[in-house]
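Please look over the sequence and the three-dimensional structure below, and then follow the report from one local feature to the next.

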Amino acid sequence: MKAIHIFNVVPALPEPLSGLRRFAYNLRWTWDHDSIELFRRLDSELWESTGHNPVRLLGALDQSQLEAAAQDETILAQVEQEVHQLDEYLASKATWYQRTHTSVEGLRVAYFSAEFGLTECLSIFAGGLGILAGDHLKSASNLGIPLVAVGLLYQQGYFSQYLSAAGWQQESYADNDFQNLPLTLEKQPDGGALHIQVDICGRPVSAQIWRVSVGRVSLFLLDTNIPENGPGDRKITDQLYGGDLEMRLKQEILLGIGGCTALQALGIEPSVYHMNEGHSAFLSLEWTRQLMEKHKLSFGEAREISSAGLIFTGHTPVPAGHDYFPPSLIERYLGNFAQHLGLAMSDFLTLGRQNHADSSEQFCMTVLALRMASVSNGVSKLHGHVSREMWQGLWPGVPVNEIPIGHVTNGVHFRSWNSNEMNRLYDRYLGPHWRENQADPKLWLRVDSIPPEELWRTHERRRERLVAFARRRLRSQLVRRGAPRSTIDAADEVLDPAALTIGFARRFATYKRATLLLRDTARLERILNQPGRPVQILFAGKAHPRDEAGKALIQQIMKLAQQKEFRRRLVFLEDYDMAVARALVQGCDVWLNTPMRPLEASGTSGMKALANGALNLSTLDGWWDEAWQYAAARGSFVGWAIGRGEKYETQEYQDQVEAAALYDLLESEIVPAFYERNLDGLPRRWIGYMKSSIGTLSYSFNAQRMVKDYTTDFYTAAHRRCQRLLADGAKKARALAAWLGRVAAEWSNVAVKNVDAIRENDIRVGDQIRVQARVHLGNLAPDDVAVELYLGRLNSDGQITCAASILMQCTGQENGTQIYEAKGVPCQCSGRNGYTVRVRPFHADETRRFLPGLIRWPDEPAVKDKAA
């Protein structure tokens, strides 16, 4: 029965406790253990049963409990202290950004993502991408970055996982009750909800806007489940990654175009937009449209401005993981939008295609983002290399190492993931400023000052709590499945609080190889049950609802866990979420990761374990490849590598070799080191490993360092570029667009006619050469291009490797060609060397070094990219 009137009931907090509501609605509490302890103190069982949701907790507390708390002086003092600390935090004018970037005026970053993992009670994330986005916002808040964020508020979010008696994953979806979440609805001056409209397939779709306060950062979430919309449109924000391809397109139109529209309605004018994955790439076109309208610009002119302020971060190292849409679907949903941009549909579609000449190629959101953004990056050093190889086709003729995709390695927000005990240990021995200076390598050298017995006892307590947590969770899983009483009671005896504990928790995609450790069950059984040196493994993770192969991996683990030999040593924890992740990374001794190289873009769970004192055991992929190489160069121990990044002929053989290497490491190095005890009972060698890992890696693999990198290297530079192009009525943008149009139209006439070297064939190291080239520029002027000498070592195929590019100078003109020369070029390496010459467009205001399709080498046919 539908209600004829809707109203909201809020908790009746006694006046002395009114401050509770204030900091319950600011997610700073998610990384403040004192705030969490205060909520837990009000009712610890209710805190757990409400999913660590303070808003729901306050609404569910009995009024008598609230009245009693209002009379408790210690609670009142803590409430007052927490409110005071929140006020001080929000009002602070001494943040890192304010101290460091005093010359930057007017920067405002808008960070878009399809998911945000901020707290387990706000189910709008599926996994690592969302967790990374959440940690980005938390660190931006701590650093004082002027940043807002935009996403979608899903009515059901991502699924909850439960397993059948046969160990097969099942999914259930529960509606989020927005009124009982730490959200506030954005209102108009008259008190009504603020709505925006987006054209989706030729009809207006309305959305209301919710705000989540993340410390100093505001996250705005769009919600279409409102009466103004029809039933189909109300479901656009129903499920994260739910529905079919058409629903995915609707969500991405809402996120990108609707998100920009929402910021405009809120009076927020970002100068920089950061797209976290390609889901939000339509924002690049909506921002361009807004600039066209506001400044009376053409699409090309406005695109120069928007491109200057667009940052794109990709997270997916395989082509199949990116969003592709049929051209017919794009035309049906975005035909009107293309007209508003002044683009023919063929030109609009070209923006999302690698090959502009292929009218059958699908529209790719990542390609759109790469074409529109002036800066693009992967999320680890290895992933940057993989991305350059994957998207080389967008820049034909550009060497793979120069493809304009860099990297900013991911990091994690330590205070959200560290145990309270570990944070306090760092407070004592690193000093309280460690919370603000985590990217300082000198600070982490103080880890050596932590007494071994304190570090070990802290870690032992967390392992004990992990075992207790796992037992409780396993018992509830068995009860829900209807297991026999004897099986339920046996849950209290699984795991050993003193045993070496290995954790594996992540999305169950096949490339992550969750069952690599299970490949030889007889050998594994001997490792787990060795007398006096037991080992235990905790697994957790979800497979995508449509990933049958991933579900089969979970079932394989469950079947093994039910066997007598493994029942006490191997546990799978259902419904992996942030609470489960925290318990695991805080309590495990070893963190296992076994992806197929190079299919892990970064991975961050091992970083969370690292800061809690766990040691990583992983194949060399994602962040661990980078960490391992860095530590090896320094001679520091940080954990174990499974293999050395080799690639074998078949996956079957790869799995066989790396599983054997994994067992060897456990048997010969890891288990002996853990159980080696000194006379005082401490595993001092293992503790030394823990200190070395924390001290060597923590400064680099944290989100403070990550967000500082984005701010210093990308945000501030993009802001300055954007403001420069906007100045004087966008005079520079208009000129730049006109120049680019002229260069693109004339590029087919550009040619390198011949290249001459003034030197003998045999050259000694240290000698210098002079190279001269004749270049035909058509109607372009020498100032329109950069002519470069490209030289380096030759491989066995005669290809130039490890190349350097040297700008050549125009020294004259002869018979309609320009003469360019490079003088005094040193020869630094012996062996086979070679060189060639290339031409690329150049303009002082064009920040992109390479423009798609606009590069010329000797004897190269002309190819022009319409989307350049």
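## Two packed helices

In this predicted model, helix H2 (residues 33-42) packs against helix H6 (residues 73-91) at an angle of about 145°, and their axes are 11 Å apart. These two values are given together because two packed helices are described by the angle between their axes and the distance between the axes. The crossing of H2 and H6 is left-handed.

On the side of H2, the contact is made by Asp34, Ser35, Leu38, Arg41 and Leu42, while H6 supplies Thr74, Ile75, Gln78, Val79 and Glu82. Sorted by class, the contact of H2 with H6 holds four nonpolar, three polar and three charged residues.

In soluble globular proteins, nonpolar side chains tend to be buried together. The largest nonpolar core of this model has 177 residues, and those with the most contacts inside it are Leu20, Phe282, Leu285, Ile330, Phe348 and Tyr715. Helix H29 (residues 703-746) gives the most to this core, contributing 15 residues. There is also a second, separate core of 105 residues, which includes Tyr426, Leu518, Phe674 and Phe701.

When residues up to four places away in sequence are not counted, phenylalanine 282 touches Leu249, Glu252, Ile253, Gly256, Ile257, Ile330, Leu334, Phe363, Met365 and Leu368.

Isoleucine 236 lies in the loop between helix H9 (231-234) and helix H10 (245-265). Is isoleucine 236 buried or exposed? Its relative accessibility is 0%, and isoleucine 236 therefore counts as buried. Leaving aside neighbours within four places in sequence, isoleucine 236 is in contact with Ile200, Val205, Thr224, Met247, Lys250, Gln251 and Leu254. Isoleucine 236 and arginine 248 are 12 residues apart in sequence, and their C-alpha atoms are 8.5 Å apart in space.

Valine 198 has its place in strand S6 (residues 195-200), and because its relative accessibility is 3%, valine 198 counts as buried. Not counting residues up to four places away in sequence, valine 198 touches Arg203, Pro204, Val205, Ile253, Leu254, Ile257 and Gly258. The C-alpha atoms of valine 198 and glycine 259 are separated by 9.5 Å, although these residues are 61 residues apart along the chain.

## Strands that pair

Strands of a sheet pair through backbone hydrogen bonds, either parallel or antiparallel. Strand S23 (residues 785-794) is joined to S27 by nine bridges, and tyrosine 790 has threonine 836 as its bridge partner in S27.

Strand S26 (residues 817-826) is mostly covered, since seven of its 10 residues are buried. Strand S22 (residues 768-776) pairs with S26 in the antiparallel sense over seven bridges, and strand S25 (residues 809-814) also pairs with S26 in the antiparallel sense, over five bridges. Glutamine 818 in S26 stands opposite valine 775, and glutamine 818 is also the bridge partner of glutamine 813.

Most residues other than glycine have a negative phi, and most peptide bonds are trans. Which residue in the turn of the hairpin formed by S25 and S26 has a positive phi? This residue is asparagine 815, whose phi is about 55°, and the hairpin has two residues between its strands. With a relative accessible area of 77%, asparagine 815 is exposed.

Arginine 513 likewise has a positive phi, of about 50°, although it is not a glycine. Arginine 513 is found in the loop between strand S15 (500-505) and helix H22 (521-528). Its relative accessible area is 4%, so arginine 513 is buried.

The peptide bond from arginine 597 to proline 598 is cis, with omega near 0°. Proline 598 is found in the loop between strand S18 (590-593) and helix H25 (605-611).

How values were computed. Residues numbered from 1 in each chain as written. Predicted model: local features only at pLDDT ≥ 70, side-chain atom pairs only at ≥ 80, totals over all residues. Heavy atoms only, no water. Core = buried A, V, L, I, M, F, W, Y, C linked by side-chain atoms within 4.5 Å. Buried < 20%, exposed > 50% of the residue type's maximum accessible area, 1.4 Å probe, protein only. Helix = DSSP H or I, 4+ residues; strand = E, 2+ residues; numbered from the N terminus. Contact = heavy atoms within 4.5 Å. Pairing = 2+ DSSP bridges. Axes fitted to C-alpha atoms, helices over the stretch in contact; angles between N-to-C directions. Left-handed = near helix turned anticlockwise from the far one by under 90°. Nonpolar A, V, L, I, M, F, W, Y, C, P; charged D, E, K, R; others polar.
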